[in-house]
Structure formats: structure tokens, C-alpha cells
Amino acid sequence: MNVSVSAALSDRETTRPRTADDAAAARAGAFLTIDLAALRENYLALRNRLGGRACAAVVKADAYGLGAAHIAPVFHEAGCRHFFVAHLDEGLALKQALPDDCAIMVLHGPMPGAEADCAHAGLVPVLNSMEQIEAWGALARALGRRLPAFVQIDSGMSRMGLPEADITRIAAAPALLDGIIVEAVMSHLACADEPDHPANAEQLANFRRRKALLPDAPASFANSSGIFLGPDYQFDLARPGAALYGLNPQPHLPNPMKNVVRLMAKVVQTREIPAGAHVGYSWRFRADRPTRIATVSVGYADGWLRSLSGRGAVLVDGRAAPIAGRVSMDSITVDVTDLPPEAVKPGSLVELIGPDQTPDAVAALAGTIGYEVLTSLGNRYHRRYLNG
Ligand SMILES: *Cc1c(COP(=O)(O)O)cnc(C)c1O
């Protein structure tokens with residue numbers, strides 16, 4: 001088969017759109033809009049709850065999928081001076097986006113062999129194990145200077161941080177920390193979004209007791225939900241992520257945070273199908289009446305999770321159009337039979353995420369959490385940062 005390759009249009013042949021951004025918007029299949037003013041408000045609202053204690057910003061996973069290079073400077077401008085990423089490479093990239101007057105902590109610590117890169121970049125590792133402590137201390141001795149670090153202790157999550165036996169070892173031999181400036185001792189809550197869960201009080205008691213075995217240093221314990229467990233959980237430096245991005249830190253209560261994200265996608269085409277016709281992969285939708293189907297340019301490759309197949313709806317001018325059938329890689333099909341035809345045409349925008357359909361609500365439909373909805377958002381969107 002031969003496919004004829006059309007020659008590129010000359011400038012004179014094109015009707016050129018006004019600006020590069022207009023052109024990109026016209027080409028795009030979907031728009032992801034991020035409200036920087038809402039991010040700033042969320043940061044200030046969390047910090048206000050901390051009664052003078054410091055509030056970091058967790059910007060790992062590209063600021064939960066929303067774009068760390070755009071977002072971290074907003075928190076910095078609001079007064080944030082402590083940033084957390086998970087990977088060293090995330091820290092190296094973030095360093096370029098922020099002034100030098102703040103600390104960037106790497107939650108995973110340096111992987112073996114990457115300690116020197118971490119130190120040379122001026123990043124602060126979170127040391128989670130004896131191996132990481134030994135390697136960081138050895139580098140400090142080799143460089144002939146002390147190196148800063150956070151030390152993480154496990155208070156009951158059994159994921160990262162020193163187990164009690166290692167804390168006891170350090171208590172008996174503080175020289176194990178030689179060369180290391182312990183900027184803070186931290187731990188992480190497993191069940192903070194469930195205020196009544198007994199794990200919270202148990203972890204708090206473990207944290208206090210185990211931290212007291214180590215040299216005196218500031219303490220960091222609370223994630224977003226942990227802040228809402230009250231002052232006992234807040235310590236010197238809180239580490240919110242999710243709530244900054246508008247996710248509800250108290251899932252059992254109304255969300256106090258501002259919505260940050262809006263996802264709009266374009267209609268590619270519409271069609272009328274008779275009763276009895278099927279839609280999409282595996283014929284999972286069967287029309288039980290003459291039906292109007294709109295195909296929308298967003299799919300699971302864009303983070304519209306395949307588990308949303310046949311679940312939920314998109315919004316067209318505030319009216320729901322149910323998702324019909326399977327979510328495909330690049331598109332979804334929605335039932336727009338009950339909407340005015342002029343509201344749904346090629347290029348019309350439908351809303352998938354926004355104030356009326358929050359990431360938490362989408363997550364509930366998909367059987368997951370808002371964190372996964374946000375961090376799954378793909379990189380094909382035309383992204384816009386508002387109120388910068
Ligand atoms: C991701 C993470 C946070 C932020 O948690 P949220 O629930 O998003 O506020 C804080 N601390 C650690 C160690 C983390 O891994």
C-alpha cells in the first residue's frame with residue numbers, strides 16, 4: 001500500500017492563527033488548566049493551621065502530575081522554604097526552578113553510588129537505612145566536611161526509615177552519625193486520612209519515643225491529613241502534598257481545599273446510532289434507543305483510567321453525558337442523546353475534571369484515590385497555568 005505524503009503547506013497557503021499558543025490550543029485534543037492562585041491559597045490555608053510551625057511542599061512526581069517547575073515557585077513565593085521530592089533526578093530538576101534560599105529534600109535518599117551527585121547538587125537526602133547513613137557519613141569524611149540530611153525513622157508503616165533496632169544501635173553509638181548534620185528527624189503516617197484509626201496514636205507514640213533516642217533535632221511527621229489530626233501531630237515541619245493540589249485531606253468531611261485542576265477535552269466527532277447498535281471495544285455498550293454518541297479526545301493514555309469504562313459522565317455546560325462503553329487509549333465515547341445537538345459538535349469542549357467533578361470524585365468512580373488520578377494525567381494535554 002502506498003500512502004501519499006502531502007507536502008507541507010507554505011506560509012501563504014495557511015491561514016495562520018494569531019499566536020503560537022492559539023495554534024497549539026487549536027491543535028490540542030484536550031486542555032489541562034492549573035490554577036496557581038488556588039495552589040497558593042491552599043498552601044497558605046495549610047500553613048495557617050500550623051500555628052507558626054513550618055510548612056513544606058511535597059512536589060514529588062512532578063508536583064503530583066501538575067508540573068513542579070511551574071508550581072514550586074508559587075509555593076516559594078508564598079514563603080515555602082522546604083521542598084520534598086522522591087527521586088534525586090527530581091531534585092536536580094527542581095533545583096533549576098527554585099532560588100537557592102530553600103532546601104530540597106530527597107525522600108528516597110541517594111541510591112547506592114549516587115551520594116556524590118546528591119551532595120554536589122546541594123540536595124538534602126532523607127536517610128532511611130543504616131546503609132544510607134553509612135554511605136552519607138563516608139562521603140562526608142571523604143570530602144572533609146559535614147553534610148546535611150534528614151533521618152527518617154519508622155514509626156509503624158514498615159515502608160521507609162530506620163527500624164527500632166537500628167535507632168537503638170545509633171543511640172548506643174552516636175558516632176554512627178559522624179559527619180552528618182541531622183537537620184530533622186522525620187516519619188510518615190499510614191492512616192492519617194482516617195482520624196479514628198488506632199494506628200495514628202500508636203505511630204505518634206512510637207515517633208516520640210524513638211526520636212528521643214536520637215540526638216536532638218527538629219521533627220517532621222504530618223502529611224496533608226496529618227495536619228488535620230491536630231497540633232500533637234504537627235511538630236516543627238509539616239509535609240503536605242495532596243491537599244496543596246486540592247485533594248480532600250479529610251475524606252469523611254467537606255473538602256476545605258480549593259480545586260486546582262480543570263480537564264477539558266474536545267469532541268472529535270458525533271454520530272447517531274440505532275437501537276441495538278454497539279459502542280467501543282468488546283461491545284460493552286449497547287444502545288437501547290436511538291442514540292447520539294460523541295467521541296471525545298481523551299483516553300487511558302492521558303490518565304482517564306480504563307477502570308472508568310461505563311462509569312460516570314463528562315459535563316457539557318454543566319449537564320452530564322454518561323460514558324458509554326470502554327475507555328480506549330486515546331478516546332472515550334459518551335452518550336449525548338439527551339443534550340441539545342448544538343451543544344456537542346466537533347471541537348466542543350466537555351469537562352472531565354473541575355469544581356463540579358473533582359479528582360476525588362473521579363477517583364471514587366474509578367475505584368482509586370485522587371492521588372492516582374492526578375499523577376496519572378498524561379503529557380499530551382495543552383497545559384495552561386492560570387493566575388501566575
Ligand atoms: C508523599 C509524601 C508526603 C505527602 O503526603 P500527602 O498525603 O500527599 O500530603 C509526605 N511525606 C512523605 C514521606 C511522603 O512520601
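Me: Is alanine 135 buried, partly exposed or exposed, and why?
Reply: Read the relative accessible area against two cut-offs: under 20% is buried, over 50% is exposed, and partly exposed is in between. This is a predicted model, and the value is computed from it. Alanine 135 has a relative accessible area of 25%, so the residue is partly exposed.

Me: Which helix holds alanine 135?
Reply: Alanine 135 lies in helix 7, which covers residues 130–143.

Me: How do I read separation in sequence against separation in space?
Reply: Put the two values side by side. Alanine 135 and proline 195 are 60 residues apart along the chain, and 38 Å separates their C-alpha atoms. Now take aspartate 330 and leucine 139: they are 191 residues apart in sequence and 48 Å apart in space, C-alpha to C-alpha.

Me: Where is aspartate 330 found?
Reply: Aspartate 330 is in a loop, between strand 16 (319–322) and strand 17 (332–335). Its relative accessible area is 38%, so aspartate 330 is partly exposed.

Me: Where do alanine 63 and asparagine 387 lie?
Reply: Alanine 63 is in helix 3, residues 60–64. Asparagine 387 is in the segment after strand 19 (382–386).

Me: How do I read a loop residue with a polar side chain?
Reply: Check place, accessibility and contacts in turn. Asparagine 128 sits in the loop between strand 6 (124–127) and helix 7. Its relative accessibility is 7%, so asparagine 128 counts as buried. A polar atom of the asparagine 128 side chain lies 2.9 Å from the backbone oxygen of leucine 107.

Me: Now the ligand. How many residues surround it?
Reply: Start with the shell, then go to its makeup. The ligand is surrounded by 14 residues, and the closest are Lys60, Tyr64, Ser224, Ala242 and Tyr371. By class, the shell has 7 nonpolar, 4 polar and 3 charged residues.

Me: Which pocket holds the ligand?
Reply: The ligand sits in the largest pocket.

Me: How much of the ligand does the protein bury?
Reply: Compare the ligand alone with the ligand in place. Taken alone, the ligand exposes 380 Å², and the protein buries 94% of that.

Me: Last, the overall view. How many helices and strands does the protein have?
Reply: Count elements, then burial, then extent. The protein has 12 helices and 19 strands. Of its 388 residues, 50% count as buried. Along the principal axes, the C-alpha atoms fill a box of roughly 80 × 55 × 40 Å.

Notes. Residues are numbered from 1 along each chain as its sequence is written. This is a predicted model: local features need pLDDT of at least 70, side-chain atom pairs count only at pLDDT 80 or more; totals for chains, interfaces and linings use all residues. Side-chain values use heavy atoms; hydrogens and water are left out. A residue is near a molecule or strand if one of its heavy atoms lies within 4 Å of it. Accessible areas come from the Shrake-Rupley method with a 1.4 Å probe; for residues, only the protein chains shown count as cover. On a 1 Å grid over the protein atoms alone, a cavity is a set of points where a 1.4 Å probe fits but cannot get out, and a pocket is an open set with protein on both sides within 12 Å along at least five of seven lines; lining residues have an atom within 4 Å of a point. A molecule sits in a cavity or pocket if more than half of its atoms lie within 2 Å of its grid points. Ala, Val, Leu, Ile, Met, Phe, Trp, Tyr, Cys and Pro count as nonpolar, Asp, Glu, Lys and Arg as charged, and the others, Gly among them, as polar. Helices (H or I, at least four residues) and strands (E, at least two) are DSSP runs, numbered from the N terminus. Buried means under 20% relative accessible area, exposed over 50%, partly exposed in between (1.4 Å probe, protein chains only). A polar contact is a pair of N or O atoms within 3.5 Å; within protein, one must be able to donate a hydrogen and the other to accept it, and residues adjacent in sequence count only if both atoms are side-chain atoms.
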